[in-house]
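Here's a quick briefing for anyone meeting this structure for the first time.

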Amino acid sequence: MNTIAIIDYGMGNLHSVSKAIEHVASGTRVLVTSDAAQIRSADRVVLPGVGAIRDCMAEIRRLGFDSLVQELVLEKPVLGICVGMQAMMQHSQENDGVDCMGLFDGEVEYFGDDLHEGNERLKVPHMGWNQVQQARPHPMWQGIENGSRFYFVHSYYVSGDVPAAIGSTQYGYAIAAAVAKKNIFAVQFHPEKSQHAGLQLLKNFSQWDGTE
Amino acid sequence: MGLAKRIIPCLDVDQGRVVKGVQFVDIRDAGDPVEVAKKYDEQGADEVTFLDITASHEERDTTIHTVEKMASEVFIPLTVGGGIRKVQDIRDMLNAGADKVSINTAAVFNPDFVGEAAARFGSQCIVVAIDAKCVSAPEDAIARWEIFTHGGRKPTGIDAVEWAVKMMQLGAGEILLTSMDRDGMKNGFDLGVTKAISDAVSIPVIASGGVGNLQHLADGVTQGGADAVLAASIFHFGEYTIPEAKRFMQAQGIEMRL
């Protein structure tokens with residue numbers, strides 16, 4: 001049976017991610033787990049994340065998931081969500097600077113307290129539904145119209161200029177909405193909260209073989 | 001092109017049923033909360049807010065169960081409020097599947113709770129609800145609003161705009177602003193307090209209280225500066241659908257998710 005493991009490192013609610021995958025991928029077994037053996041034996045793995053990066057990275061390292069994820073991405077499809085994507089970058093400016101896993105070249109930066117787009121002042125967190133422009137086709141974008149809206153909630157972002165960006169969104173700056181490399185697809189938005197477009201992305205992940 | 005303004009239907013839930021009263025009395029039954037939330041999800045609502053208006057201790061398990069069920073069937077963000085007083089209450093709601101919690105009275109009695117909650121769970125899931133009433137006379141040069149607790153019954157003497165700024169500084173990720181003068185009155189948001197708070201804080205503001213028609217929703221954004229608009233009865237009782245509201249707002253130049 002197709003199994004998807006959602007890595008549980010004690011940060012936030014994983015119920016929504018697992019319920020959303022179950023909703024769209026019938027016949028898929030979804031496990032929310034911190035058991036390395038279970039994670040290793042799954043066909044696909046989700047690295048979620050909410051909250052502050054320092055706490056997330058501290059738990060990821062404490063539980064040995066840093067090296068586990070490095071190993072997993074060589075073998076099977078991995079989906080990073082929100083702080084899970086940020087944790088895959090080199091470094092984050094949050095919490096006075098935190099070193100991350102370094103799976104992608106990219107720095108996680110703060111939007112700032114005085115963000116503007118033209119004359120309009122933008123609120124931070126970037127909270128709500130914004131459009132994602134797909135940089136190129138990818139199996140994970142299948143069935144999702146270019147420019148579809150997804151639900152974002154974050155105060156830190158990865159620049160849309162990173163080489164791995166495969167989706168970008170405008171909010172004061174061009175930000176990376178999605179990055180992709182080999183087996184990894186990671187998104188800044190919350191597919192589990194993004195209704196049709198988000199559910200389609202999760203469905204795509206449940207069938208993705210990790211190639212482009 | 002950019003971030004869309006949000007429409008948030010609000011479910012006031014009393015003992016497992018959606019209800020809606022006028023200024024917290026005269027309650028009408030509007031259905032099963034999970035069914036109602038599903039309907040709004042299908043219609044294209046941008047989020048759903050669940051306010052537990054009984055919030056007595058015995059009802060907690062019912063609420064948690066309802067939130068769990070809702071989160072399994074609704075794939076848009078879900079905010080839960082009512083009776084959130086301790087870190088454990090927040091943890092329970094997030095674990096049940098809520099994406100955000102709304103803190104109201106507890107913030108007034110213990111502002112540091114907001115800071116503690118934000119540090120623990122992240123600002124992105126901490127909404128501070130402010131129930132404001134106008135306390136200045138119509139002839140006063142400068143309007144003033146104060147915050148009230150206990151469903152608008154108890155004055156606190158705290159200035160609503162200053163309070164919003166303080167909550168933001170403590171780590172709130174969003175403000176849910178309800179005008180107690182307008183709630184259930186269907187004569188539109190209090191645009192004065194909405195604008196005053198929206199200008200004063202750098203976090204998103206949800207306008208609430210008083211929506212009677214679609215123009216009121218649009219005014220909340222264009223005149224009140226709100227990032228999201230919350231309404232209950234105009235949607236619950238079928239006067240308007242979410243798509244109608246979105247098309248109406250978009251026609252006035254507001255960016256919406258259609």
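In chain A, strand E5 (residues 91-92) is joined to E6(A) by 2 bridges, and the two strands run antiparallel. Keep in mind that this is a predicted model. From that strand pair we'll move to the rest of the sheet, then to a helix pair, a cavity and a pocket.

**The sheet in chain A**
- Zoom in on the bridges and you'll find A:Ser92 partnered with A:Val98, which sits in E6(A).
- These strands belong to an open sheet of 4 strands in chain A, ordered E6-E5-E7-E13, and the pairing is mixed.
- Strand E6 (98-99) and strand E13 (156-158) of chain A each have a single partner strand, so they stand at the edges, with one side of each left without a neighbour in the sheet.

**Two helices in chain B**
- Over in chain B, helix H1 (residues 33-43) packs with H2(B) at an angle of about 25°, and their axes are 9 Å apart.
- Angles under 35 degrees count as roughly parallel, so that's the label for H1(B) and H2(B).
- As for handedness, the crossing of H1(B) past H2(B) is right-handed.

**The cavity**
- How many cavities of 30 Å³ or more does a search of the whole structure find? It turns up 1.
- The largest cavity has a volume of about 50 Å³.
- Its lining includes B:Val13, B:Gln15, B:Gly16, B:Asp52 and B:Glu59, along with the threonines B:Thr54, B:Thr62, B:Thr63 and B:Thr66.
- Sorted by class, the lining of the largest cavity has 6 polar, 2 charged and 1 nonpolar residues.

**The second largest pocket**
- The second largest pocket holds about 740 Å³ of space.
- Its lining is made up of 35 residues, and those nearest the centre are A:Glu94, A:Ser155, A:Tyr156, B:Ser123 and B:Gln124.
- Elements giving two or more residues to this lining are helix H3 (53-62), helix H5 (83-86) and strand E12 (149-154) in chain A, plus helix H5 (112-121) and helix H6 (160-170) in chain B.
- Which element gives the most to the lining of the second largest pocket? That's H5(B), with 4 residues.
- By class, the lining of the second largest pocket splits into 16 nonpolar, 14 polar and 5 charged residues.

Notes
Residues numbered from 1 in each chain as written. Chains lettered and ligands numbered in written order. Predicted model: local features only at pLDDT ≥ 70, side-chain atom pairs only at ≥ 80, totals over all residues. Heavy atoms only, no water. 1 Å grid on protein atoms, 1.4 Å probe; cavity = no way out; pocket = protein on both sides within 12 Å on 5 of 7 lines; lining within 4 Å. Points joined across faces, edges and corners; volume = space filled by probe spheres on them. Nonpolar A, V, L, I, M, F, W, Y, C, P; charged D, E, K, R; others polar. Pairing = 2+ DSSP bridges. Axes fitted to C-alpha atoms, helices over the stretch in contact; angles between N-to-C directions. Parallel < 35°, antiparallel > 145°, perpendicular 65-115°, else oblique. Left-handed = near helix turned anticlockwise from the far one by under 90°.
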